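Keep the 3D view open while you read.

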Amino acid sequence: MGSAMSPSLHHSITPILLFSDYHTHPQGHRVQRYTQALLQPWADSAHEIALSDIAFTDHDRYHAGIDFDEIGRLREKNTDLKIRTGIELDNDPVHSAAGRKWIEKHWDRLDFVLGSVHFLERDDQMFDSVPAGAEQFDGRDIDAIYADYFRRVREIAATGLVDCLAHIDLVKIHGHRPNAEIEAIAGETLDLIRSRNLAIELSTAGWRKPVNELYPSDRIIQLAIEKGIPFTAASDAHSHVQLGENFHRLAEKMATLGIREVCVFEKHRRFVKSLQS
Ligand SMILES: [Zn+2]
Ligand SMILES: [Zn+2]
């Protein structure tokens, strides 16, 4: 008979404490000029859940709202919190050309740029809109869609304008699975990411989407570990109440997979930080 003191498999994994969230959207889904009223609640949320390092990564199509001076003021008021200036650059066929120009112009003022793929063949609809984007998969060859998606990820990785790839297997969002092994589909992309010395994120956002799975999958994480690709921790919060969402669950997953460090960025320089138990 076991007693309450017996070690069990469940308790043999020591949870780790995550301290950083490198994917957040203060503006949400529209242009909202950065102000203290918009940004301070994010700092407050960070304090509440004991995060000490966060990056603002609004969508590049809303770059007009980003104000470096307001971020500077927020830093002055919240000196115990590292606040990184970032942006999420995607492959928007309409807006991303302007986004790239803006990033090039402000590169030296930015700490961190996420690269992501939100568009497949259709120019007028993000495939990851829920539920509407699922129609882009109807009656299609899912392996071909996966191949096309990862080709687009390689394109954004090769721009030289990103530090980290966001939600790298977002193509699974509606629950569509390929027939081929994911290693055969994503391996070339992970090799390119490694050769470019980029990071990928572990995003809890997948747990609130139809697929209900971390981005990326365990298998892609294992491949990334084998290849020496570093990770950031991310929630893809579109509201300050989502900051660090499901990070306890993420910490358990990382402990299970043997990940004991995350990376953070300052002016595009990457620093690896050990995670404490
Ligand atoms: Zn995204
Ligand atoms: Zn995002």
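A quick definition first: an atom counts as a donor to a metal if it is N, O or S and lies within 2.8 Å of that metal, or 3.2 Å for Na, K and Ca. Also keep in mind that what you see is a predicted model.

**The two zinc ions**

With that definition in hand, look at the metals. The zinc ion (ligand 2) and the zinc ion (ligand 1) sit 3.4 Å from each other, and glutamate 88 coordinates both. Here is who holds what:

| Metal | Donors | Distances |
|---|---|---|
| zinc ion (ligand 1) | Glu88 (OE), His118 (NE2), His167 (NE2) | 2.1 to 2.2 Å |
| zinc ion (ligand 2) | His23 (NE2), His25 (NE2), Glu88 (OE), Asp236 (OD) | 2.0 to 2.4 Å |

Let's take the zinc ion (ligand 1) in more detail. If you read its donors along the chain, the spacing is E-x29-H-x48-H. One pair here brings together distant parts of the chain: glutamate 88 belongs to strand E3 (residues 82–89), while histidine 167 is in the loop between strand E5 (164–165) and helix H6 (182–195), 79 residues apart. Are glutamate 88 and histidine 167 buried or exposed? Both of them are buried.

Now for the zinc ion (ligand 2). What kind of arrangement do its four donor atoms make? The angles they subtend run from 79 to 166 degrees, so the arrangement is irregular. To count as tetrahedral, four donors would need all their angles between 85 and 135 degrees. Along the sequence, the donor residues of the zinc ion (ligand 2) follow the spacing H-x1-H-x62-E-x147-D. Again a pair links distant parts of the chain: histidine 25 is in the loop between strand E1 (20–21) and helix H2 (36–48), and glutamate 88 is in strand E3, 63 residues apart. Histidine 25 and glutamate 88 are both buried.

**Two helices side by side**

Next, find helix H5 (residues 142–157) and its partner H6. Their axes come within 9 Å and cross at roughly 5 degrees. That angle makes H5 roughly parallel to H6. Which residues meet there? On the H5 side you'll find Tyr146, Phe150, Val153, Arg154 and Ala157, and on the H6 side Ile182, Ile185, Ala186, Glu188, Thr189, Leu192 and Ile193. Sorted by class, this contact of H5 with H6 has nine nonpolar, one polar and two charged residues.

Now trace the backbone through some loops. The peptide bond that runs from valine 130 to proline 131 is cis, with omega near 0 degrees. You'll spot proline 131 in the loop between strand E4 (112–115) and H5.

There's also a cis peptide bond between tyrosine 215 and proline 216, with omega about -10 degrees. Proline 216 sits in the loop between strand E6 (199–203) and helix H7 (218–227).

The loop between E6 and H7 is also where you'll find asparagine 212. This residue has a positive phi of about 50 degrees although it is not a glycine. Asparagine 212 is partly exposed, with a relative accessible area of 46%.

First up is arginine 75, in helix H3 (residues 68–77). How exposed is arginine 75? Its relative accessible area is 32%, which makes it partly exposed. Setting aside neighbours within four places in sequence, arginine 75 is in contact with Ile83, Arg84, Thr85 and Asp111. From the C-alpha of arginine 75 to that of alanine 43 is 9.3 Å, and the two are 32 residues apart along the chain.

Then there's valine 272, in strand E9 (residues 269–274). Valine 272 is partly exposed, with a relative accessible area of 48%. Leaving out neighbours within four places in sequence, valine 272 is in contact with Glu261, Val262 and Cys263. Valine 272 and isoleucine 54 are 218 residues apart in sequence, and their C-alpha atoms are 15 Å apart in space.

Key. Residues numbered from 1 in each chain as written. Chains lettered and ligands numbered in written order. Predicted model: local features only at pLDDT ≥ 70, side-chain atom pairs only at ≥ 80, totals over all residues. Heavy atoms only, no water. Helix = DSSP H or I, 4+ residues; strand = E, 2+ residues; numbered from the N terminus. Buried < 20%, exposed > 50% of the residue type's maximum accessible area, 1.4 Å probe, protein only. Tetrahedral: all angles 85-135°; square planar, octahedral: opposite > 155°, others 65-115°. Axes fitted to C-alpha atoms, helices over the stretch in contact; angles between N-to-C directions. Parallel < 35°, antiparallel > 145°, perpendicular 65-115°, else oblique. Contact = heavy atoms within 4.5 Å. Nonpolar A, V, L, I, M, F, W, Y, C, P; charged D, E, K, R; others polar.
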